[in-house]
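Here is a short briefing for a reader who is meeting this structure for the first time.

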Amino acid sequence: MTEGLFPRGRKVRVVSTLGPASSTAEQIRDRFLAGADVFRINMSHGTHDEKKVIVDNIRALEKEFNRPTTILFDLQGPKLRVGDFKEGKVQLKEGQTFTFDQDPTLGDETRVNLPHPEIFKALDKGHRLLLDDGKIVVRCVESSPTKIVTRVEVPGPLSDHKGFNVPDVVIPLAALTPKDRKDLDFALQEKADWVALSFVQRVEDVIEAKELIKGRAPLLVKLEKPAAIENLESILAATDAVMVARGDLGVECLPESVPPTQKRIVERSRQLGKPVVVATAMLESMIKAPAPTRAEVSDVANAIYEGADGIMLSAESAAGDWPHEAVNMMHRIASYVENAPGYIERVRFTPTPAEPTTVDALAENASKTAETVGAKAIIVFTETGKTAQRVSRARPVAPILSLTPDAEVARRLGLVWGAQPVQVSTVKTLDEAKKLAAETAKKYGFAKAGDKLVVVAGEPFGKAGTTNIVDVIEA
């Protein structure tokens, strides 16, 4: 065990996607040591048996380092794809007519099968189809229940199973496909710490998923459709966390609209106290190169200055040539930014006034008290994780040590800004809590003897929803 190194002092969480470049026990351990706090398991690829091995490897790592480690299962969602071509690929030319139909025969330069009948019912003249991540743009000139005739506006090569987006209309597709339902059952059996829902369009998608989950894991909604942005308030109210999924969002929305949309999502999520992750193409050049561009470093830093709870690597750590270096670069950028002059002031540009609840009043008070007395850490005793999340929402200067007897709660807090999770034994009295707070802060190097600490707790201990104490103690 490497006691003293963990929990990390860094506040923002680094999310590392696992894949061909990082799925063995040795590779996962390496990414953890490089700086990964959360491991994302992408359910778009691989079998359940393969995923179970990955989960077991992560849980073994957790035992080795005595540190709760977070697993995010990411459901594929209704990914839309074209059918197959006779030659595997065609070249679409500007101005030509190209047809999508429900004929299962192999496609050619004039047509291809589109195995999604819902699209034919929803598309009208003038609507766009974006193919291969927006590299090809076609516009509908004629539609019927069995055929969509389009004109090519942006040409390019189109090959088998390429994905497509329909940005101009809400498609009547459920966010959970039959595959997603099976994957969700598997994720819950494996005690997923978080479940991510892809291609959400409406609040009803979120409600359906929550009803299936039945409280067994918190839900993170990926915001990647224009319709989701239009329904942002209702979706945020229903979900437990969100992800700014800039890949598909950048395909379906104007590129110049993505940065302000990101800032809006991060700001609103923070005001509501919902964890928010910024994802996609953060260090994209590191898929092939050992170092990022300066623009990418600035992009990551900006998300950290916005106060995002997490920053995520996708292909960089899943399939890239430099996965260790990519994870470590995220860690280094975050550590440097968080220690830079003016960091906390910039994070607090987003106002997060306390809501009229006891826990918010105490969370706000704990942050201000820690700053006033120069406390080295805020120690939060939490049964469900909610108190730790509300303290995190205030974005205090002092690090937050979140002490809980529940392993599942500790793992879930791994996605929350600054809320360093530590699983501890149950305490029964305030004196026991103060003693444990001081011991834990010293054990993990957050304080030394005589340093001041702020303790947030609730009596009676062991009961959820009783937070009623903020106290200053000495380590």
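The model is predicted. According to the unreviewed UniProt entry, residues 10–327 carry the annotation "domain: Pyruvate kinase barrel".

**The annotated domain**

**His127 and its surroundings**
- His127 sits in the loop that runs between helix H3 (117–122) and strand E7 (128–131).
- Because its relative accessible area is 17%, which is under 20%, His127 counts as buried.
- A polar atom of the His127 side chain lies 3.0 Å from the backbone nitrogen of Asp124.
- Leaving aside neighbours within four places in sequence, His127 is in contact with Ala122, Val138, Arg139, Cys140, Asp168 and Val169.

**The five-stranded sheet**
- Five strands make up an open sheet with mixed pairing, in the order E19-E18-E17-E20-E21.
- Strand E19 (419–423) and strand E21 (467–474) are the edge strands, each pairing on one side only, and the twist from one strand to the next averages 20°.
- Strand E20 (residues 452–458) and E21 run antiparallel and are joined by seven bridges, and Val455 stands opposite Asp471 in E21.

**Helices against the sheet**
- Helix H14 (residues 358–373) lies across strand E17 (377–381), E20 and E21, and it runs at about 15° to E21.
- Helix H17 (residues 430–443) packs on the sheet, where it touches E17, strand E18 (400–404), E19, E20 and E21, and its direction makes about 55° with that of E21.

Note on methods: Residues numbered from 1 in each chain as written. Predicted model: local features only at pLDDT ≥ 70, side-chain atom pairs only at ≥ 80, totals over all residues. Heavy atoms only, no water. UniProt positions renumbered as here; feature names shortened; annotations may be inferred. Helix = DSSP H or I, 4+ residues; strand = E, 2+ residues; numbered from the N terminus. Buried < 20%, exposed > 50% of the residue type's maximum accessible area, 1.4 Å probe, protein only. Polar contact = N/O pair within 3.5 Å; in protein donor to acceptor, adjacent residues only side chain to side chain. Contact = heavy atoms within 4.5 Å. Pairing = 2+ DSSP bridges. Axes fitted to C-alpha atoms, helices over the stretch in contact; angles between N-to-C directions.
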